[in-house]
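Come and look along with me.

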Amino acid sequence: MAEQRPEERIHNSNEVPYGFTPEQAQLEAERCLQCKNAPCMKGCPVEVDIPAFIQLIKEGDFSGAARKLKETNSLPAVCGRVCPQEDQCEEVCVLGIKGDPVAIGTLERFAADWEMEHPADSSSSLPAQEKAKVAVIGAGPAGLTAAADLARFGYRVTIFEALHQPGGVLSYGIPEFRLPKKIVNLEVKNVTNMGVDLQLNQVAGSTITIDELFQDGFRAIFIGTGAGLPRFMGIPGENLNGVYSANEYLTRVNLMKAYLFPEYDTPVIMGKKVCVIGGGNVAMDSARTALRLGAEEVTIVYRRTRKEAPARAEEIHHAGEEGVIFKFLTLPIRYLEDDAGWVIGMEALEMELGEPDESGRRRPLPIEGSEFMIDCDLVVVAIGNSPNPLLPRATPGLKLGWKGIIETDHETGRTSLPGIFAGGDIATGAATVIEAMGAGKRAARGIDNYLMSKSE
Amino acid sequence: MYRIIEKKKLTPESVFLRVEAPRIARRRRAGQFVILRIDETGERFPLTIVDSDPEEGTITLVAQEVGTSTKKLGRLKEGDSILDVTGPLGHPTEAENWGRVACLAGGIGVAEVLPVVKEIRAAGNFTQAIIGARNQDLVILEDELREAANELYITTDDGSYGRHGLVTEVLHDLINDGAIPDRVYAIGPLPMMRAVADLTRPYDIPTIVSLNALMVDGTGMCGSCRVTVGGETKFTCVDGPDFDGHQVDFEELGKRQKIYIPQEKCSLERFELSASGANVKE
């Protein structure tokens with residue numbers, strides 16, 4: 001797929017891959033073998049009928065393809081961009097055994113984008129919403145998916161979102177160059193157009209409690225509040241000026257538009273020598289954001305190697321192309337400061353890989369006496385997030401598990417409390433957009449079954 | 001949108017607002033705050049909720065107009081709306097019957113201490129409010145505090161009203177006179193809260209400070225507001241805003257408060273330039 005050239009794109013926030021033209025899309029669609037058992041579908045958490053939508057693209061019915069996608073996936077333009085297809089549908093594509101799998105993700109993006117540019121009148125297909133009231137907490141990938149599916153089943157859905165903007169991580173976390181906010185807004189609008197009521201600035205557990213929601217006549221509640229609490233390493237100097245959590249750094253830039261300061265009021269520190277700690281997609285997003293904000297040198301500091309890094313290969317590749325430096329097998333142990341409390345560098349240890357740990361990856365072990373210094377004037381800590389404690393704290397009786405995640409039944413999203421369901425990062429710890437959407441989908445079905453059984 | 005029902009100037013540089021926010025008004029308790037965003041280009045910033053009227057569905061806010069956001073807020077008129085108001089956030093202030101509680105406040109903290117004094121007195125305590133201002137013109141909410149507290153002490157930096165000096169000097173005298181409070185609560189500028197904590201430490205008086213860290217989301221998501229308390233990193237928004245004043249690393253917090261000073265200056269100059277330009281056009 002054609003892309004913006006690296007030397008150009010680090011000076012703008014436009015999307016990197018251009019996507020397919022109609023001709024390219026049809027050519028790619030023709031490669032699909034239309035397998036009867038469709039292994040690709042088993043790799044999709046939101047159960048997209050992949051052969052069917054690809055067939056429609058092949059036939060030139062692009063709107064039809066988009067409609068097919070939306071039967072099960074409420075955010076196809078988002079998924080087409082940020083899903084790790086290489087680990088899901090494309091991983092099991094039969095063509096992938098001998099060559100390249102069908103570019104399912106790029107085709108999904110193509111059909112969804114086509115429909116955005118050529119909107120069809122879909123009002124006739126709106127389901128009548130006459131069933132019970134259901135509350136969805138959090139307008140991120142899990143909540144939006146649950147809300148859309150519940151609306152499709154005929155429930156009257158209200159989403160309560162804590163921030164002033166819907167989208168969750170799609171809005172505050174993933175940068176513009178990977179997921180344009182216009183796309184997010186349009187897909188959110190598709191959900192509200194289905195009759196879903198979206199209420200912003202509503203912090204569940206504070207502005208409104210679970211008990212109040214039940215009193216207000218909501219018969220079931222889905223919690224999709226995400227993994228909103230940034231983790232730090234707990235090493236000396238982590239609270240110095242110029243040390244950000246990735247959440248803060250990306251929220252300032254993406255949600256608050258600090259890249260447009262002072263036209264927008266929210267500032268962000270623009271480092272010259274930036275170190276990003278971590279090896280996941282959020283680390284890559286932070287590093288590439290720093291480049292676009294004008295950093296002279298951006299280094300990813302990761303304690304394992306490229307092979308163990310949880311980021312998508314495509315993201316590591318894009319970051320490398322843009323000039324991000326990788327310091328693998330490196331562990332920060334403390335940050336150094338100047339007199340005013342600003343970070344000026346870090347002391348780090350060299351690591352080596354030992355025996356596999358519980359994650360199956362080889363455990364990184366420090367090499368004794370290998371301490372060395374790295375200069376930097378900005379640090380972004382991107383080592384993951386814990387579940388946000390606000391709502392669980394305000395909801396007595398809700399059973400919590402490891403690190404405060406809400407315990408749920410995988411298939412239905414049921415929690416320990418009747419009528420309360422949960423899914424996405426709040427129930428699993430930080431994972432992917434598509435896994436959160438899958439959980440939202442399963443929970444919508446779980447809620448439907450629960451309410452049907454109650455009304456019988 | 002959150003409509004402004006009432007607005008008045010308390011001093012030339014502070015503003016009092018009553019804002020429609022029914023859900024927040026219903027839930028809010030003393031010591032909690034809201035996050036505001038004034039307009040589309042605005043930042044998110046915290047303000048302590050001073051009062052609320054659940055019947056009427058309003059909350060009361062008081063702001064010192066010192067930066068772009070608070071100046072934007074101060075320029076809004078009755079009938080105008082604030083784009084986003086989120087809350088109530090943070091843990092409410094603890095209130096048990098301890099006996100005698102001194103509540104110290106300086107600057108805009110005087111507005112913020114009012115609900116705390118009410119709450120602590122309602123829990124059965126004898127409350128001594130000690131408030132400070134630079135000069136007489138900047139003394140705010142005197143009548144309200146006189147009514148709310150059992151005793152009210154006022155200090156000014158220049159001696160133009162009340163006692164000449166600092167709020168800590170009043171507390172120092174109270175302690176010296178043998179009227180040692182069972183608990184101290186302080187809210188206001190960082191150096192003042194630090195001085196209060198330093199004063200009470202040798203006497204082992206439990207001392208609570210309400211921190212005003214920089215925030216973005218205010219819900220635990222970003223960590224902008226982190227502060228070291230007793231050697232551990234805490235988030236002011238979800239773990240506070242009240243902390244044990246003897247455990248807070250004020251040195252670090254003071255440095256963190258200064259992170260954006262150049263940007264704040266730049267933003268304010270730009271805002272004032274455009275504000276004065278707009279006035280010329282009118």
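**Ile54(A) and the cores**

I began with Ile54(A): beyond its neighbours within four places in sequence, Ile54(A) is in contact with Ala29(A), Cys32(A), Gln34(A), Val102(A), Ile104(A) and Leu107(A) (contact means heavy atoms within 4.5 Å). I noted that this is a predicted model, where local features need pLDDT of at least 70 and side-chain atom pairs count only at pLDDT 80 or more, while totals for chains, interfaces and linings use all residues. Residues are numbered from 1 along each chain as its sequence is written, chains are lettered from A in the order in which they are written, and side-chain values use heavy atoms, leaving out hydrogens and water.

Of its 67 residues, Ile50(A), Phe53(A), Ile54(A) and Ile57(A) touch the most other members. I then found a second, separate core of 52 residues, which includes Val301(A), Cys376(A), Cys225(B) and Val227(B).

**Where the chains meet**

How many residues does each chain bring to the contact? I found 45 from chain B and 49 from chain A.

I also looked for salt bridges (a side-chain nitrogen of Lys or Arg within 4 Å of a carboxyl oxygen of Asp or Glu). There are four between chain B and chain A. I looked up the pair Asp239(B) and Arg393(A), whose side chains meet in a salt bridge at 3.6 Å, N to O.

Methods: Core = buried A, V, L, I, M, F, W, Y, C linked by side-chain atoms within 4.5 Å. Buried < 20%, exposed > 50% of the residue type's maximum accessible area, 1.4 Å probe, protein only.
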